[in-house]
Amino acid sequence: MFLSSLTLEGESLPDDYPFTVPCIQALSTLAFDSPVTIFVGENGSGKSTLLEAIACGMKCPAIGLSDLSRDPMLEDARRLAKQLRLSRSSHPKVKLFFRAEDAIGFTRRMTENIRDLDELKNEFSKSLSGYGRALAVGAMEGQKAGIISRYGENPDALSHGEWFVNILRERIHSKGLYLLDEPETPLSPLHQLSLLSIIKEAVSLGAQFLIATHSPIIMACEGATIYNLDNTTITKTAWEDVEHVSLMRAFLADPSSFLRHL
């Protein structure tokens, strides 16, 4: 494990959000002893906040419109990260944090990068000459080709689900630490299975994952440790005992029994 445990430190913690979230108030030490750790819980349970704080504490590069250190939406997570002691077994050369809600922002970022490189190329073509122009134009073309080879010439041409699976295949490919926040959001059930395949292959190469999710499919990741954040304390939970799983099973077995009360 790159990240083996975390401890919330401080004798006197702030009395405002996110320190007032029940699972954060009760947090002492949390161990990560399997390659895949999954945080589950209802909306507002604190699973995404905790994951974001870990990402800030580990200084993970983010797939999104802004870096973690500058994203105004992560100010609370950065405050919490300052109170966390993260125990590392080793330092991963590859780190990554991704929130599904940032997918559109990252697509826009890559599209803007391609456009900016085209503008620079045209500017260098007009303002430079000879070897200098060839060198500058070649550099812009090389950077643009690198982006296109990884994310496509027009990222908007793919559906959110297709793009998301594509980018994970590109970015999750080696031994590293990967934090995914509700990755199922843009994914169909079939693409969620594709994500499980990506995770399984990366784990075989030595990767570690921390995932916050509502998806029973993602929760079923082989060998994963599931932490339930719905209660006052964070507890390990078996897949079949997760409320999301029980509710989904009951609904699929008899949808009408739920729908008639709506």
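Is lysine 47 buried or exposed, and what is its relative accessible area? In this predicted model, lysine 47 is buried, with a relative accessible area of 3%. Buried here means under 20% relative accessible area, so lysine 47 falls within that class.

Lysine 47 belongs to helix H2, which spans residues 47-57. This helix is mostly covered: 11 of its 11 residues are buried. Among them are Lys47, Ser48, Thr49, Glu52 and Gly57. After H2 comes lysine 59, whose phi is positive, near 55°.

An open sheet of 7 strands is found, with mixed pairing. The strand order is E4-E6-E7-E8-E3-E9-E10. Strands E4 (62-63) and E10 (235-236) stand at the edges. Each has a single partner strand, so one side of each is left without a neighbour in the sheet. In general, strands of a sheet pair through backbone hydrogen bonds, either parallel or antiparallel.

Strand E6 (residues 95-99) runs parallel to strand E7 (residues 177-181), and 5 bridges join the two. Lysine 95 has leucine 177 in E7 as its bridge partner. Phenylalanine 97 is partnered in E7 by leucine 179. E6 also runs parallel to E4, to which 2 bridges join it. There, alanine 62 stands opposite phenylalanine 97 in E6. Strand E6 is mostly covered, with 4 of its 5 residues buried.

Charged pairs were then examined. Side chains of opposite charge can pair when their charged atoms come close. A search of the whole structure finds 10 salt bridges. One of these involves lysine 47, which pairs with glutamate 182. The closest N and O atoms are 3.9 Å apart. This pair links distant parts of the chain, 135 residues apart. Lysine 47 lies in helix H2, whereas glutamate 182 lies in the loop between E7 and helix H7 (189-204).

Arginine 99 takes part in a salt bridge with glutamate 52, with the closest N and O atoms 3.6 Å apart. This pair also links distant parts of the chain: arginine 99 is in strand E6, glutamate 52 is in helix H2, and 47 residues separate them. Both residues are buried.

Arginine 99 forms a salt bridge with aspartate 71 as well, and here the closest N and O atoms are 2.8 Å apart. Aspartate 71 sits in the loop between E4 and helix H3 (75-81), 28 residues apart from arginine 99 in the chain. Arginine 99 counts as buried because its relative accessibility is 2%. Aspartate 71, at 7%, counts as buried too. Elsewhere, Asp16, Asp76 and Arg79 are linked in a network of salt bridges.

The surface carries charge of another kind of arrangement. Glu112, Asp116, Glu119 and Glu123 form a negative surface patch. Glutamate 123 is found in helix H4 (residues 103-127). Its relative accessibility is 48%, so glutamate 123 counts as partly exposed. In an α-helix there are 3.6 residues a turn, so residues three or four places apart point the same way.

How values were computed:
Residues are numbered from 1 along each chain as its sequence is written. This is a predicted model: local features need pLDDT of at least 70, side-chain atom pairs count only at pLDDT 80 or more; totals for chains, interfaces and linings use all residues. Side-chain values use heavy atoms; hydrogens and water are left out. Patches are made of residues with over 30% relative accessible area and no salt bridge: like charges are joined within 9 Å, nonpolar side chains (Val, Leu, Ile, Met, Phe, Trp, Tyr) within 5 Å. Accessible areas come from the Shrake-Rupley method with a 1.4 Å probe; for residues, only the protein chains shown count as cover. A salt bridge is a side-chain nitrogen of Lys or Arg within 4 Å of a carboxyl oxygen of Asp or Glu. Lys and Arg count as positive and Asp and Glu as negative; His and the chain ends are not counted. The place of a charge is taken as NZ of Lys, CZ of Arg, CG of Asp or CD of Glu. Buried means under 20% relative accessible area, exposed over 50%, partly exposed in between (1.4 Å probe, protein chains only). Two strands pair if DSSP finds at least two bridges between them.
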